[in-house]
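Here's a quick briefing to read with the fold open on your screen.

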Amino acid sequence: MSEISFETALGDRVEDMLDACTRCGKCVEVCPSVAPAGIAGALSSEIISGILDIVRTGEGPEASRQWAAACMRSGECIKACDYGVNPRFLLAMARVAIAKSEHELPERRRQGLTRFRDLSRDVTMLSRLQLDGQVLERLGQKSASAAVPVEAPDFVFYTGCNVLKTPHIALLALDIMDALGVTYQVMGGPTHCCGIHQLSAGDVEMSGRMGSNSIEKMSHSKSGQVISWCPSCYVQFMETTIPAIESQSGARPFEMTPFLRFLRERLAQLTTLLRRPVKMRVALHRHPGVAGVMEAAEEILQAIPGVEIVDLRQPAVGLQSVTVGVLPAFKRELQRTELQAAANAGVDALVAVYHSDHRELCAHERDWPFRIINILEVVGESMGLHRHDRYKELKIMQDADQIVADCSDLIARHSLDPGNARDAVVKVLLGDQPLPLKGGTLPEQRAGVVAPS
């Protein structure tokens with residue numbers, strides 16, 4: 001018997017969930033997107049029933065379409081279901097069905113390819129404005145680093161793509177693993193795409209092809225485990241691609257563990273390395289979309305001598321900051337109130353976990369009386385590890401010409417076009433600012449700015 005196609009395997013999983021769903025509406029009732037999306041007046045049971053219709057036919061009631069479009073991937077719906085259904089996955093499949101109903105395959109393929117090329121260009125440019133070739137190779141972004149090691153490493157460390165825009169975060173993760181004594185091979189960037197942009201465009205076959213290709217490359221560690229950084233890639237692999245591949249082949253290619261959960265599993269060993277007190281009152285910027293990550297972050301911070309965690313009592317929604325962007329006004333208000341709450345609480349630092357959180361928030365450090373840093377910077381400080389946050393340094397300049405001039409050495413070293421570099425600075429680095437800095441403008445008022453993923 002020949003192996004079924006990826007799209008068929010994915011379709012079978014969708015059908016199983018459609019059959020299991022009772023339309024009770026509990027997933028809708030707990031969803032933090034419902035109220036800001038303006039659909040709180042609709043019956044929960046009717047909204048989820050409409051989602052099932054959309055998945056099957058591409059057509060359904062407006063409230064259901066709005067719910068699918070407003071999904072921040074918070075994951076509360078998964079916890080609420082008593083029947084083993086993953087509503088977040090069904091909402092993703094509803095968006096795929098809508099894309100299929102609105103565009104023929106050639107157009108969907110073109111959209112997916114355009115999004116992938118834009119991502120590749122932006123990641124390549126932003127990383128090269130900050131790193132030389134040797135460091136890029138350490139992050140898996142040069143041909144030599146892609147070779148299969150002579151001896152299989154303990155783990156594959158999968159960065160995803162967009163953390164390469166804020167490379168100090170990824171480099172600190174590698175430094176911490178070195179200190180823990182584990183071996184790893186770094187994979188990520190556009191050459192190891194998870195396929196999420198193809199899926200969002202409705203090109204399921206191409207999404208499966210790209211994701212499967214990356215999974216094959218990652219399936220060569222001693223432990224059979226992949227440590228992941230990017231939460232969007234994690235959800236794409238764990239909720240879409242890997243279950244379909246498992247259905248195709250009858251075997252699971254590997255287990256994937258988010259980096260902070262990996263650290264929590266080794267907290268006893270990590271604690272012995274947290275030797276330097278870090279006298280700091282911190283607030284944790286939270287996104288709960290991947291189960292256990294925020295809890296791991298809090299436990300790790302509690303293990304650092306001198307750190308005091310302050311609860312700002314702010315809403316925790318979304319997979320990461322960028323996914324909350326489906327509701328831009330809601331997102332701006334969340335960020336505004338959190339910054340004010342942090343100032344009122346007198347914290348020394350607002351500490352984020354994910355790279356998109358850091359990209360969007362870090363420049364606000366200019367205007368508020370506290371630092372905005374990544375959790376690995378706090379861990380690193382206690383371990384005696386440091387990586388300079390060049391991204392924040394550049395972004396706080398708030399002047400594209402000054403930034404390009406400041407990066408002139410690397411622009412020449414990588415043979416980059418200065419005009420293209422300036423375009424990337426304007427659209428990707430400075431444009432990634434959903435809540436304006438004091439005296440700034442809204443994203444929709446900045447001509448030519450596109451939201452990154």
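In this predicted model, the axes of helix H9 (residues 167–180) and helix H18 (residues 375–383) cross at roughly 40 degrees and come within 10 Å. As for handedness, H9 makes a left-handed crossing with H18.

**Where H9 meets H18**
- On the H9 side, the residues in contact are His 168, Ile 169, Leu 172, Ala 173, Ile 176 and Ala 179.
- H18 brings Leu 376, Glu 377, Val 379 and Met 383 to that contact.
- Sort the residues of the contact of H9 with H18 by type and you get eight nonpolar, one polar and one charged.

**The sheet**
- Four strands make up an open sheet, in the order S2-S1-S3-S4 and with parallel pairing.
- Strand S2 (184–187) and strand S4 (255–258) sit at the edges, each pairing on one side only.
- Going from one strand to the next, the twist averages 30 degrees.

**Inside the sheet**
- Three bridges link strand S1 (residues 155–158) to strand S3 (residues 225–228), and the two pair in the parallel sense.

**A helix over the strands**
- Helix H12 (residues 231–249) lies across S1, S3 and S4.
- Relative to S4, helix H12 runs at about 155 degrees.

Note on methods. Residues are numbered from 1 along each chain as its sequence is written. This is a predicted model: local features need pLDDT of at least 70, side-chain atom pairs count only at pLDDT 80 or more; totals for chains, interfaces and linings use all residues. Side-chain values use heavy atoms; hydrogens and water are left out. Two strands pair if DSSP finds at least two bridges between them. Axes are lines fitted to C-alpha atoms, for helices over the stretch in contact, and angles run from 0 to 180 degrees between N-to-C directions. Contact means heavy atoms within 4.5 Å. A crossing is left-handed if the near helix is turned anticlockwise from the far one by less than a right angle, and right-handed if clockwise. Ala, Val, Leu, Ile, Met, Phe, Trp, Tyr, Cys and Pro count as nonpolar, Asp, Glu, Lys and Arg as charged, and the others, Gly among them, as polar.
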